[in-house]
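Keep the model open while reading.

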Amino acid sequence: MKILNAEQIRNLDRYTIENEPISSLDLMERASAAFVSWFCNQYVNTRPVCIFCGKGNNGGDGLAIARLLSQRSYDVQVAIVEYTDKSSEDFQANLVRLQDQLTPVYMESISDFPTNSPQVVCIDALLGSGLSRPVDGLLAEVISKMNALPNRVVSVDIASGLYTDKSNAKEDVIVQPDFTVTFQLPKFSFLFPQNASFTGEWHVVDIGLNQQFIDEAPSPYFYTDRRTAELLVKPRNKFSHKGTYGHALLLAGSFGKMGAAVLSGKACLRSGVGLLTMHAPLCGYDIIQISIPEAMVSADEAQHHISKLPELSSYSAVGIGPGVGQEGEIAHVLERLLEEVRIPLIIDADALNILSSNRELLDKLPENTILTPHPKEFQRLAGDSENEFDRLELGREFAAKHKVIICLKGANTAVILPNGEVHFNSTGNPGMATGGTGDVLTGIILSLLAQKYKPYEAAIFGVYQHGLAGDKAAANRGQSALIASDVVESLGW
C-alpha cells in the first residue's frame with residue numbers, strides 16, 4: 001500500500017472528482033458514510049455523540065457524519081468552533097443539509113465548550129490533513145480542553161493539529177484521540193512512535209479514490225499489509241527437497257548468550273530453510289545439539305567466543321550477530337566475513353555494535369547486506385537525530401551511501417532500501433518488546449535469504465511474518481506474558 005503526502009492526497013481527491021466523475025460534496029458524503037460505518041461497528045447508538053467541527057472540509061465531514069449518525073438514531077450534538085470568518089463551500093452545503101435535523105452550538109470562546117457526561121463519544125473534525133502551521137487561539141484552547149476530558153475521542157482522517165508529512169514541535173497542541181479513522185491510505189505521520197498519542201489506534205476506510213492515480217503517483221513510502229505480503233510468498237514445488245530451500249550458516253552465541261543463538265536458529269528452521277548449520281563456540285555445542293536437533297553444529301575451537309570463520313562455499317546465505325558478544329576475536333571474524341562473503345548476508349545485534357566501533361568496516365559491507373538495528377544500535381551506526389522523521393532520513397542516507405538494507409526495528413518497523421524506498425510494517429505489538437525477539441527476526445530473514453528470496457523481499461516479508469507471529473502469540477498468551485519463544489512457535493505461512 002502506497003503512502004502519499006498531503007499535496008498528493010489533495011490531488012488524488014481532485015483527480016477522483018474530475019475523472020469518476022463525482023462532485024466534491026458527494027465524495028465528502030462517501031467518506032463520511034465510510035466513517036459512520038466504522039463508528040457504528042465500534043459504538044452502539046445508546047452512546048451519545050458530540051462532534052467538534054472546524055470550518056473547512058474536515059468540519060464538513062463532521063457535519064455530514066452528524067447527519068448520518070442522527071439518521072441512525074444516535075443522540076448527536078454538534079459544536080462549531082468560530083475561529084475564522086471563512087468556511088469552505090462543502091462545509092456550508094453540509095450545514096444546510098443538517099439544519100432540518102440538528103441545531104449546532106457555535107463556540108465563540110472557550111466558555112461555550114459543551115458540557116458532556118463521560119459516556120459521550122467526542123468526534124474530532126476540526127482540522128484535516130492540509131495543516132501547515134501550529135494550532136493557536138481558540139482552536140488550541142478547544143483541543144487542550146478536549147484532551148483533558150475522560151471521554152473517548154475519535155479523529156476524522158487525522159488528529160487536528162498533527163502534520164501529515166513532517167514532525168511537529170514538542171509544544172504543538174494536537175488532539176490525542178483513542179482512534180483515528182483515515183480515508184483510503186495511511187498518513188505518513190501515523191508511522192512514527194513519537195506520534196503514538198496523536199493517532200491512537202488508527203484504521204483505514206476505503207472511500208473509492210482513484211486507484212490509477214495512486215498506482216502512478218511517485219512515492220518512496222509504502223505500507224506492508226496482508227495483501228502486499230501474500231504477493232511475496234514463494235509456493236513450494238511438489239517435487240522439491242531439502243536442497244531446494246537452501247543451506248543457511250548462522251554465526252551466533254557466546255558464553256552466557258547461547259539463548260540468542262538457539263532462538264535465532266529455531267526461527268530460521270521454522271521459516272522454511274532446507275538446512276541450517278550453526279557455528280558457535282565450544283561452550284554452545286551441547287546446548288545447540290540438545291535444543292535444536294534439526295540443526296547441524298560447526299564447533300569453533302575457542303571455548304567461549306567465536307574465533308574462526310568457517311568455509312563459506314557450501315552455504316547459500318549467512319547471518320552473524322545473535323549473542324556473539326564483542327570480546328575475543330569476533331571483530332576479526334566479522335572483518336574476514338565481509339571480505340570473503342559472496343552470498344547474501346544479514347548482520348544483527350553485537351555484530352552491529354562491532355561495525356559501529358570499527359567504522360572502517362562499513363566500507364566493506366557487500367551490496368544489499370541486511371542490517372537489523374534497534375534505534376540505539378542505529379544511533380551508534382549513523383549518528384544522532386533530532387526526531388524520528390530526521391532519523392528516518394538519516395537511515396535513507398546511510399542505506400544509499402553503503403548500498404545496504406536497514407530494518408529499523410520498532411513499532412511499524414521501517415525497511416529502508418538502498419534506492420530510498422521505505423516499507424513500513426503493519427504487524428506486531430508491544431508484547432514483542434522483550435529480549436530475544438530481535439534474534440528471532442534475524443533467523444527468519446536468514447532463512448528467506450537461503451531460500452533465494454531477494455534481499456529486499458526477505459527483509460520486507462521477514463519483518464511482516466515476524467510481527468504476524470508476534471500477533472498470533474499475543475492472541476494466545478496476552479502481550480504481557482509473551483516471550484520470544486512464543487514468537488518462534490507461532491511462525492507459519
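## An enclosed strand

Strand S4 (residues 121-125) has 5 of its 5 residues buried, so the rest of the structure largely encloses it. Buried means under 20% relative accessible area, with a 1.4 Å probe and protein chains only. Strands are DSSP runs of E of at least two residues, and helices are runs of H or I of at least four, each numbered from the N terminus.

In a regular strand, side chains alternate between the two faces of the sheet. Both faces of S4 are covered. Val121, Ile123 and Ala125 are buried on one side, Cys122 and Asp124 on the other.

This is a predicted model: local features need pLDDT of at least 70, and side-chain atom pairs count only at pLDDT 80 or more, while totals for chains, interfaces and linings use all residues. Residues are numbered from 1 along each chain as its sequence is written, and side-chain values use heavy atoms, without hydrogens and water.

## Strand partners

S4 pairs in the parallel sense with strand S1 (residues 49-53) over 5 bridges. Pairing requires at least two DSSP bridges between the strands. Cys50 has Cys122 of S4 as its bridge partner.

Strand S5 (residues 153-156) also pairs with S4 in the parallel sense, over 3 bridges. Here Ile123 stands opposite Val154. From S4 the chain runs through helix H5 (residues 137-148) to S5.

The contact (heavy atoms within 4.5 Å) between helix H8 (residues 258-270) and helix H14 (residues 437-450) involves Leu263 and Ala267 of H8, among others, and H14 residues including Val440 and Ile444.

Technical notes: Axes fitted to C-alpha atoms, helices over the stretch in contact; angles between N-to-C directions. Buried < 20%, exposed > 50% of the residue type's maximum accessible area, 1.4 Å probe, protein only. Right-handed = clockwise from strand over helix to strand, strands pointing away.
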